Amino acid sequence: MKIKSCLAGATIFGIAAGILRLLQYFFTIDEAGFFKMGIFSTLLNIGLIVALGLGTLWIVICGFGGKKRETEFGALFTKKSHRTYFILLGLLAFADGIHRFLNFADRLNRIVAILGIIAGVLWILLGNRAVKGKTLGLWAALPVLHLGGMILSYFWQTYKYIHNSEYILLTLGLCAFLLFILALLKPAADGFSTRQRLCATAGLAVIFSWGVFLPVMVGQLLKGFKTLTFSELHFFLLALVLLPLAVYILKRLSQLPKEDPIEEVAAPDLSHLNEFLSDLPEIDDEE
């Protein structure tokens, strides 16, 4: 596992994908979000696919190499650095839950709304318990279920227009975020997550944050924010939180001991054995 190489590669490929995506918004994507015809549009599209594909391949190679070692949830965080991430994730989950509860009446979104409100509380609780090495048991799975429900809801709303590049990329990016959060919270639910899985999924979160979610606001700015939805704004803010969190996790993984500490076995105390042997009665040899 090459954590520093994973972070560097994810950042480089992610920024490259983000630049290509910005060029698409400026030159080759119309107001409806579809590609314009032309060789430049084709080249930018191929370049974006290559950047995201090579970046994903890079972090898989760097992340899953070496000996597998598990890590505890509390070992990833320090008292000074982690609480802000959890509080912001909690506020975003809570806001998503309230928005769905007020604006949607279908069963799926009502379930996601309830999960979002509960997940908002749980994210903040996780922030308070992380450095203490304490877990939440199966309750820690609810933020994962909330994000999974968000993906299902978003796909259900956009599947008819999935040929629109923005919908495809946002859906893939949300799946990358789901893998990262799943790997992050699995130890918090009394499960096990290897450093390799955390490294690879954090790298994915970095790539898709730079390459997909952050350029969205530029695209909306060019459209005059006429089509900006709560979901797109929420995804953008989520990326603003998960990007530094993923970078932080990668840096913390590089600071953890490379080998598990080996407990020294104390040398056996032979004084009692000598005392026992000295107390044994002598046996006369019989002729």
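The model is predicted, and local features are reported at pLDDT of at least 70, side-chain atom pairs only at pLDDT 80 or more, and totals for chains, interfaces and linings over all residues. Residues are numbered from 1 along each chain as its sequence is written, and side-chain values use heavy atoms, with hydrogens and water left out.

The protein chain contains ten helices and two strands; helices (H or I, at least four residues) and strands (E, at least two) are DSSP runs numbered from the N terminus. Their order from the N terminus is α-α-β-α-α-α-α-β-α-α-α-α. Of the 287 residues, 45% are buried, that is, under 20% relative accessible area, with exposed meaning over 50% and partly exposed in between (1.4 Å probe, protein chains only). Among contacts (heavy atoms within 4.5 Å) with a separation of 6 or more, 78% join residues 24 or more positions apart.

Helix H1 (residues 3-28) and helix H7 (residues 195-213) have axes that come within 7 Å and cross at roughly 20°. Axes are lines fitted to C-alpha atoms, for helices over the stretch in contact, and angles run from 0 to 180 degrees between N-to-C directions. H1 and H7 are therefore roughly parallel (angles under 35 degrees; over 145 is roughly antiparallel, 65 to 115 roughly perpendicular and the rest oblique). The crossing of H1 past H7 is right-handed, the near helix being turned clockwise from the far one by less than a right angle, whereas anticlockwise is left-handed. Residues in the contact include Ala10, Gly14 and Arg21 of H1 and Gly203, Ile207 and Trp210 of H7. By class, the contact of H1 with H7 comprises nine nonpolar, five polar and one charged residue. Ala, Val, Leu, Ile, Met, Phe, Trp, Tyr, Cys and Pro count as nonpolar, Asp, Glu, Lys and Arg as charged, and the others, Gly among them, as polar.

Helix H4 (residues 107-129) packs against H5 at an angle of about 145°, with the axes 8 Å apart, and passes H5 in a left-handed crossing. Leu108, Asn109 and Trp123 are among the H4 residues that meet H5, where the partners include His146, Ser153 and Gln157. The contact of H4 with H5 has twelve nonpolar, six polar and no charged residues.

Ser153 lies in helix H5 (residues 142-158) and is buried, with a relative accessible area of 1%. Beyond its neighbours within four places in sequence, Ser153 is in contact with Arg100, Leu108 and Asn109. The side chains of Ser153 and Arg100 make a polar contact (3.0 Å), defined as a pair of N or O atoms within 3.5 Å; within protein, one must be able to donate a hydrogen and the other to accept it, and residues adjacent in sequence count only if both atoms are side-chain atoms.
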